[in-house]
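Keep it short and give the cut-offs.

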Amino acid sequence: MAEVESFTLNHDIVKAPYVRLIAEETGLKGDVIANYDLRFVQPNQQEMPTGVIHTIEHLLADLLRDELPGIIDCSPFGCRTGFHLITWGVYSSTEVAKSLTKVLTKIVNDIEWEDVQGTARQNCGNYRDHSLVGAKEWCRQVIEQGVSDDAFKRQVVE
Ligand SMILES: [Zn+2]
């Protein structure tokens, strides 16, 4: 059976919202990738509705790429408490937490429905299940609590 790092994390002791560098991995040709846990809400206490996490996914795919060159993928956790982020090269959890805070602030303050990419039927696997209103409210909660660069103690970045 494969050892899956995120299944060994004790979800009872983390303190969301946070960014956690899960792992750096070096491929056969020497390229390094990093994998992060972007935790928006406290596990087993809250979960984002699917329309909310879906719209945030579309927005992060666009806006986070502007902040962090080398993003390979940013995908929701099935438990709906946050996202995986995978990048070429390694950023510190502090850098990622600052970029995430900036992007979430932009979502709350500046983003209109026309700014959300890929929401037409042809471009999305469930185009009817989006909520920008909800996305803004859940992003606002994350910003108000502050994004920590440490999963286990509150160390909120500016
Ligand atoms: Zn979609």
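Arg80 lies in the loop between strand E3 (71-76) and strand E4 (82-88). Helices (H or I, at least four residues) and strands (E, at least two) are DSSP runs, numbered from the N terminus. Arg80 is not a glycine, yet its phi is positive, at about 65 degrees. Its relative accessible area is 28%, so Arg80 is partly exposed. Buried means under 20% relative accessible area, exposed over 50%, and partly exposed in between (1.4 Å probe, protein chains only).

This is a predicted model: local features need pLDDT of at least 70, side-chain atom pairs count only at pLDDT 80 or more, and totals for chains, interfaces and linings use all residues. Residues are numbered from 1 along each chain as its sequence is written, and side-chain values use heavy atoms, with hydrogens and water left out.

Asn44 also has a positive phi of about 65 degrees, and Asn44 is not a glycine. Asn44 sits in the loop between strand E2 (32-39) and H2. With a relative accessible area of 70%, Asn44 is exposed.

## A cis peptide bond

The peptide bond from Ala16 to Pro17 is cis, with omega near 0 degrees. Pro17 is in the loop between helix H1 (5-8) and strand E1 (18-26).

## Zinc site

Which protein atoms are donors of the zinc ion? They are His54 (NE2), His58 (NE2) and Cys124 (SG), lying 2.1 to 2.3 Å from the ion. Donors are N, O and S atoms within 2.8 Å of the metal (3.2 Å for Na, K and Ca); water is not among the atoms, so sites may look incomplete. The donor residues follow the spacing H-x3-H-x65-C in sequence. His54 lies in helix H2 (residues 50-67), and Cys124 in the loop between helix H3 (93-109) and helix H4 (132-145), so the pair ties together parts that are 70 residues apart in sequence.

His54 and Cys124 are both buried. For His54 the relative accessible area is 13%.

The unreviewed UniProt entry places the feature "binding site" at His54, His58 and Cys124. These residues span 71 residues in sequence, yet no two of their C-alpha atoms are more than 10.0 Å apart, so they gather at one spot. UniProt positions are given in the numbering used here, feature names are shortened, and annotations may be inferred rather than shown by experiment.

## Cysteines

How many disulfides are there? The count is zero, where a disulfide is a pair of cysteine sulfur atoms within 2.5 Å. The closest cysteine sulfur to that of Cys79 is in Cys74, 13 Å away and too far for a bond. Cys79 is partly exposed, at 44% relative accessibility.

For Cys139, the closest cysteine sulfur is also in Cys74, at 11 Å, too far for a bond. Cys139 is buried, with a relative accessible area of 0%.

## Largest pocket

The largest pocket holds about 150 Å³ of space. Its lining is Ser6, Phe7, His11, Arg39, Pro43, Asn44, Phe77, Cys79, Thr81 and His84. Four of the lining residues are nonpolar, five polar and one charged. Ala, Val, Leu, Ile, Met, Phe, Trp, Tyr, Cys and Pro count as nonpolar, Asp, Glu, Lys and Arg as charged, and the others, Gly among them, as polar.

On a 1 Å grid over the protein atoms alone, a pocket is an open set of points with protein on both sides within 12 Å along at least five of seven lines; lining residues have an atom within 4 Å of a point. Grid points are joined across faces, edges and corners, and a volume is the space filled by probe spheres set on the points; the probe is 1.4 Å.
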